[in-house]
Amino acid sequence: MDRHTWQFDASLSPYRFSDVHNKFTVTGCNTLAYIYADSTGMGYQSGCVSTCQNLTDLADGSCSGLGCCQPAIPKGMGYYVVGFDSGFNTSQIWNFSRCSYAVLMEVEAFNFSTAYISATKFNDTNTGRVPVVLD
């Protein structure tokens, strides 16, 4: 991963991120984000692609790859790194989608809104913090 990554490490604690209650959540248009975790010693990496050409492609409450995607995480994960791929061309969508977000968060606390694409509503909600469940 490149220098535009961030991480969270709970591996020295007795807790692990719940694979049942959390998902890697990505919002944005023409966005590719990665999550990496070496929770099993074998390494885990997953990506999520979220696309759209205009706001009319999107629907509130739908997280299926248009403006939003949510892959599952493996059981026993105590550490993760998240980053964005900078190779996507955003010249066609910059006028309505300037921000993308990628976070591990509680599934039940997320309901996709088209305002997450065209404004900073996702970041502004709960002052940029999201809930996560630990087992």
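This is a chat about one predicted protein model.

User: Before we start, what kind of model is it, and what counts?
Analyst: It's a predicted model, where local features need pLDDT of at least 70, side-chain atom pairs count only at pLDDT 80 or more, and totals for chains, interfaces and linings use all residues. Residues are numbered from 1 along each chain as its sequence is written, and side-chain values use heavy atoms, with hydrogens and water left out.

User: What's the radius of gyration like next to a compact globule?
Analyst: The protein has 15 Å, which agrees with the value near 14 Å that a compact globule of 135 residues would have. That radius is taken over C-alpha atoms, and the globule rule is 2.2 Å times the number of residues to the power 0.38. The C-alpha atoms fill a box of roughly 45 × 30 × 25 Å along the principal axes.

User: What share of the residues is buried?
Analyst: Buried residues make up 36% of the 135. Buried means under 20% relative accessible area, exposed means over 50%, and partly exposed is in between (1.4 Å probe, protein chains only).

User: Which residues touch the most others in the largest nonpolar core?
Analyst: Phe17, Phe24, Val26, Ile35, Met77 and Tyr80, out of 16 residues in that core. The elements giving two or more residues to this core are S2 (22–27), S3 (31–37), S4 (44–50), S6 (79–84) and S7 (101–106). S3 gives the most, with three residues. Apart from this core lies another, of 14 residues, among them Cys29, Phe96, Val103 and Phe112. A nonpolar core here is a set of buried Ala, Val, Leu, Ile, Met, Phe, Trp, Tyr and Cys residues joined through side-chain atoms within 4.5 Å.

User: New topic: where is serine 97, and is it buried or exposed?
Analyst: Serine 97 sits in the loop between S6 and S7. Serine 97 counts as buried because its relative accessible area is 5%. Not counting residues up to four places away in sequence, serine 97 touches Gly28, Cys29 and Ile117. Contact means heavy atoms within 4.5 Å.

User: What about asparagine 30's phi?
Analyst: Asparagine 30 has a positive phi of about 55°, although it is not a glycine. Most residues other than glycine have a negative phi. You'll find asparagine 30 in the loop between S2 and S3, and it is buried, with a relative accessible area of 13%.

User: And where is threonine 114?
Analyst: Threonine 114 is in the loop between S7 and helix H1 (115–118). At 23% relative accessibility, threonine 114 counts as partly exposed. Leaving out residues up to four places away in sequence, threonine 114 touches Leu55, Leu58, Ala59 and Asp60.

User: How far apart are threonine 114 and leucine 134?
Analyst: They're 20 residues apart in sequence and 29 Å apart in space, C-alpha to C-alpha. For another pair, serine 11 and valine 133 are 122 residues apart in sequence and 14 Å apart in space, C-alpha to C-alpha.

How values were computed: Helix = DSSP H or I, 4+ residues; strand = E, 2+ residues; numbered from the N terminus.
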